[in-house]
Amino acid sequence: MAMTGTGRGDADFGGATRKVIQERAAYRCVVPGCVAITVGPGAAANQTASTGTACHIYSAATNGPRGRGGLSDEQLSSPENGVWACATHGRLIDTNAGDAYPATLLRSWKALQEAQIKRARDGQPTHLGWLDEIKADKTVLFKNGSVLSLGQLTLIQGPALGKTALCDWIAASLGSKLSDRWISKNSLILTSLTAFVPEKRVITARITEAGLSAKIDGADCAEIPATVACIYIREGSRSWSKDEDDDALLGRLFAVDPGVIRQLIFDIQRCGSDWGREIAFYREPRLDGHDEDGEEIYSTHKSEWVLRFGGSKGVTMRALSGSESARLLIEFGAALARERSSHMPAILLLDGSEWPFDRVTMDQYGKFLSTQPFQTVMTKVGGWSPKDPACWKEWKRYELRSEVGSAEIVEVCW
Ligand SMILES: [Zn+2]
């Protein structure tokens, strides 16, 4: 079989590397929304011809697009530094010093594409899609026209204001119920969310005292159709009610039936993070108190999950530490996002500003979430600048810089 490449910029990938790049991409262009076929019959009956190209994320040449990114020659010519693109996008990716396609974006696309293709190959249909950006056209918080471009993993850091707002607006633009706190504000909020599902869609959300109204590609819509599944975790664990059954509580938190929660537990044990896969879940009747003789009384209709890590003694879900309960929420959120990504593109919003994660935990979740077939946005309080960027390198990172009404969304490079 002979292969001919018409691509530019792939001269420095060896033939074997090029093959790895194109096959890991299943010959599909890395650009979300692009449906070009990049391989097909060649001139002779026993030949194939490829119109795709293996593009460098960081350049092999010092003055090439996106620079060398501090990588060694060996790293630059490795498959990790390459994406597969159709002929058109291959040219665009390297035009104007690659300014329109920064390395973080290409790496995000590659990670999402590989996770989606892996699932599709293993028999779980996965929809290609990408939430590209949210623009604060006119809001009470940000400078008009401020843009947040999403990566596969996006981290929003900064002072108190704005992080939850961005998550709320993304969620509302994807059809989740809008938090009442925006509706009560006596001012107009206008945002636009761009998605590739896989064709480009712009969802304009307009929030006034009357509530939320939306346009899709400029046309009014009474209800926003669910084109991207949005799983939104606010800092939930503090408000866990005592009287609720655990399944009911998690069901309410994730807006699903309690039966779905039980299914998600199997998924966590099979496909969760290293931490999640280690948990053994036991469902036990809830201890309601003691009778006069000191005997324990168990509830007949409420039960709770007892979690065991390794061989440890069990701990109830509500007795987990702050960090553990946050991790558990991420596991459930990720499991639900995996489930939804079988039907449509998905995004997981983690508004966990106060989650007490240390560097090691963040590192683990960066690695775990970067291999998932959905995008993740996470918030974190500002003033946290890790010395070792290795644990953050999977994340596209933004800082929100004060003042109210004219805050800026600033991308921070490592
Ligand atoms: Zn393309």
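## Trp169

Trp169 lies in helix 5 (residues 163-173); helices are DSSP runs of H or I with at least four residues, strands are runs of E with at least two, and both are numbered from the N terminus. This is a predicted model, in which local features need pLDDT of at least 70, side-chain atom pairs count only at pLDDT 80 or more, and totals for chains, interfaces and linings use all residues. Residues are numbered from 1 along each chain as its sequence is written.

Trp169 is buried, with 26 other C-beta atoms within 10 Å. A residue is buried if 20 or more other C-beta atoms, placed from the backbone, lie within 10 Å of its own, exposed if 12 or fewer, and partly exposed in between. Leaving aside residues up to four places away in sequence, Trp169 touches Ile134, Thr191 and Ala205 (contact: C-beta atoms, placed from the backbone, within 7 Å).

Helix 8 has 14 residues and reaches 20 Å from first to last C-alpha, close to the expected 20 Å (1.5 Å times one less than the number of residues).

Ile261, Leu264, Ile265 and Ile268 of helix 8 are buried. They are on the same side of helix 8 because they cover an arc of only 115° around the axis (taken from the directions from the helix axis to the C-beta atoms). On the other side of helix 8, Gly259, Phe266 and Arg270 are exposed. The buried residues of helix 8 pack against helix 7 (246-254), helix 9 (274-277), strand 13 (279-290) and helix 10.

Key. Two residues are in contact if their C-beta atoms, placed from the backbone, lie within 7 Å.
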